[in-house]
Amino acid sequence: MTLRTKLLATTSAVLIATTGALYADGHATHPETGETLASDQSFTYRVGDESPSIDPGLVEDVDGADVVRDLFEGLYNQDAAGNLIPGVALSHTVSDDGLVYTFTLRDTAKWSNGDPVTAGDFVYAWQRAASPELASPYSWYMDLMSIENGADVIAGDMPTSELGVTAIDDTTLEVRLTQPLPYFPQMVTHGTTFPVHQATVEEFGSDWVLPENMVSNGAYVLTEFVPQERLVRERNPMYWDNENTILDKVTKLVITDENVALTRYLAGELDWTDVPAGQFPRLSAEFPDQAVSVPQACSYYYMFNLRDGAPEELQDPNVRKALSLAVNRDIIVNNVLAGGQKAAYTFTHWATAGFETPNIPMADMTQADRNAMAQELLAEAGYGSDNPLSIDLVYNTNESHKSVAIAISQMWKQTLGVETTLANQEWQTFLEARSNGDFDVARGGWCADYNEASTFLDLMDSGSGYNDSKYNNPEVDALLAEAKTADNPQANYDRVEEFIAQDTPIIPIYHYAAVDMFSENLEGWPTENFEQNWYSKDLYKIAE
């Protein structure tokens with residue numbers, strides 16, 4: 001696959017439907033590469049379940065974020081390598097003490113109804129995301145960004161007007177932080193920070209996200225939404241860079257079974273789908289120009305319920321560590337998945353920018369030695385053949401998650417005699433169960449919100465909105481707080497990873513790779529973007 005091509009705003013040769021160099025057969029050419037473009041510029045892809053929301057203030061999953069990046073645009077976007085490029089903001093300055101960021105917005109940005117996009121739209125959206133009234137599952141992100149008064153606003157102890165964000169004028173946005181945060185600009189590519197149209201939200205309430213009501217500012221507008229079936233977005237003629245957008249229509253199909261999705265892909269019904277577990281070696285050999293595996297900024301793990309009232313047996317760190325030791329991660333990544341994933345003994349993905357993987361003793365042991373230690377620890381905790389440990393493991397409906405869960409439950413049974421009851425749940429039900437603590441052990445997957453180790457490790461903070469285990473270690477909290485202002489936070493990150501290995505609130509299992517099938521004529525996919533943040537406006541199809 002070639003890398004995503006950034007379309008320059010200054011390029012005047014553009015679209016099939018408008019201008020551009022035309023061949024005799026009527027096909028346009030790409031304004032930068034000169035490739036002949038396909039007549040049909042539509043893109044259809046598969047997801048495994050419906051996202052809980054496509055409201056920027058409420059979105060919490062990867063598939064929902066992909067949609068939000070098309071429908072809305074924040075201060076900055078990312079290029080093919082994950083570098084920041086202008087979105088609504090053209091540039092920013094930062095004060096000498098690193099506490100005040102001032103963004104200059106482009107005056108050509110418009111909402112899909114023709115209204116100008118202003119700094120006030122960002123102020124409204126950020127205040128809304130932090131408000132107790134919205135109860136956003138991502139409200140904590142506004143505090144994670146170290147925005148002035150963020151924690152107090154989220155807690156309801158201060159009005160939203162006290163959040164440290166101000167519209168100096170229509171094209172000047174000021175953000176005040178409580179501490180310097182070198183990676184702050186990277187954080188504003190996240191959907192939670194995108195603007196929303198206040199008048200539309202206030203007029204329609206929760207129904208503002210329906211196709212007939214939505215007003216958005218991204219490269220696409222929402223034209224159709226059938227829950228659990230399809231979501232369609234089409235070109236937004238009001239988008240400031242519409243003339244350099246090539247794809248006309250993007251369709252997301254909900255197909256729960258990934259093997260059915262692969263069949264439909266091979267039949268030409270999809271342009272992109274995930275590779276089912278274990279099938280990458282075969283597919284890459286058969287379709288070398290279509291099967292792709294690249295590192296992706298996500299970590300796969302199991303979490304233990306450490307809340308008050310949770311199963312007593314899981315409150316013992318020896319039990320948790322025994323279960324972690326008994327997981328043969330090499331079998332998971334090499335035999336069950338076989339798609340380029342890497343065994344994980346740290347929560348932070350190995351390819352995270354600036355992160356050096358610390359030495360975790362477990363990682364250097366043989367699996368035989370891990371199993372022996374696991375047996376000793378479980379026996380010390382009082383469990384064995386005469387008192388077997390029984391646990392419930394829940395995961396969201398997906399064949400790959402099921403395959404991993406079956407494999408791990410067998411490892412626990414064979415090594416430790418543990419009886420595991422497996423249960424799958426639909427995505428939204430699963431998220432609610434995890435958030436409410438209705439589990440013993442639950443599957444977790446965390447994808448980076450920005451490319452820095454804190455995006456993973458901050459989940460171990462006792463106050464994190466996604467610390468569903470409710471792990472609480474004051475030393476970890478202090479290390480994470482100190483890391484935010486450290487010149488080099490690596491030592492803090494090392495210690496937090498060591499605490500994770502010692503206390504075992506989670507079991508890191510593997511670090512993701514994006515393992516996908518792409519149509520041969522689809523170009524522009526950002527394979528070098530570690531976060532795999534893609535924008536439909538930068539994709540295109542070439543003539544076959």
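User: In which helix is the place of Gln127?

Analyst: Gln127 lies in helix α2, which spans residues 119-130. Please note that the model is predicted.

User: How should I read its accessibility: is Gln127 buried or exposed?

Analyst: The general idea is that a relative accessible area under 20% counts as buried. Gln127 has a value of 16%, so this residue is classed as buried. Leaving aside residues up to four places away in sequence, Gln127 touches Thr160, Ser161 and Leu163.

User: Which strand holds Val441, and what does Val441 touch?

Analyst: Val441 is found in strand β16. The relative accessible area of Val441 is 0%, so Val441 is buried. With residues up to four places away in sequence not counted, Val441 touches Tyr302, Met303, Phe304, Leu314, Ile391, Asp392, Leu393 and Val394.

User: How does one read the sides of a helix, and which residues of α14 are buried?

Analyst: An α-helix has 3.6 residues a turn, so residues three or four places apart point the same way. In helix α14, residues 427-436, the buried residues are Trp427, Phe430, Leu431, Ala433 and Arg434. These residues cover an arc of only 165° around the axis, and therefore lie on the same side of α14.

User: Against which strands do the buried residues of α14 pack, and what follows α14?

Analyst: The buried residues of α14 pack against β12 (291-304), β14 (390-396), β15 (419-425) and β16 (441-447). Val441, discussed above, is found in β16. After α14 comes Gly437, with a positive phi near 80°.

User: How is a helix pair read, and at what angle do the axes of α16 and α17 cross?

Analyst: The crossing angle sets the class, and angles over 145 degrees count as roughly antiparallel. The axes of α16 (residues 474-483) and α17 (residues 490-503) cross at roughly 155° and come within 9 Å. The two helices are therefore roughly antiparallel to each other, and their crossing is left-handed. On the α16 side, the contact is made by Glu475, Val476, Leu479, Leu480, Glu482 and Ala483, and on the α17 side by Asn492, Tyr493, Arg495, Val496 and Phe499. Sorted by class, this contact has 7 nonpolar, 1 polar and 3 charged residues.

User: At what angle do α10 and α13 pack, and which residues meet there?

Analyst: Helix α10, residues 329-337, packs with α13 at an angle of about 135°, and the axes are 11 Å apart. That angle makes α10 oblique to α13, and the crossing is right-handed. From α10, the residues Ile331, Ile332, Val336 and Leu337 meet Ser403, Val404, Ala407, Ile408 and Met411 of α13. By class, this contact has 8 nonpolar residues, 1 polar residue and no charged residues.

Definitions and conventions:
Residues are numbered from 1 along each chain as its sequence is written. This is a predicted model: local features need pLDDT of at least 70, side-chain atom pairs count only at pLDDT 80 or more; totals for chains, interfaces and linings use all residues. Side-chain values use heavy atoms; hydrogens and water are left out. Axes are lines fitted to C-alpha atoms, for helices over the stretch in contact, and angles run from 0 to 180 degrees between N-to-C directions. Helices (H or I, at least four residues) and strands (E, at least two) are DSSP runs, numbered from the N terminus. Angles under 35 degrees count as roughly parallel, over 145 as roughly antiparallel, 65 to 115 as roughly perpendicular and the rest as oblique. A crossing is left-handed if the near helix is turned anticlockwise from the far one by less than a right angle, and right-handed if clockwise. Contact means heavy atoms within 4.5 Å. Ala, Val, Leu, Ile, Met, Phe, Trp, Tyr, Cys and Pro count as nonpolar, Asp, Glu, Lys and Arg as charged, and the others, Gly among them, as polar. Buried means under 20% relative accessible area, exposed over 50%, partly exposed in between (1.4 Å probe, protein chains only). The arc is that of the directions from the helix axis to the C-beta atoms.
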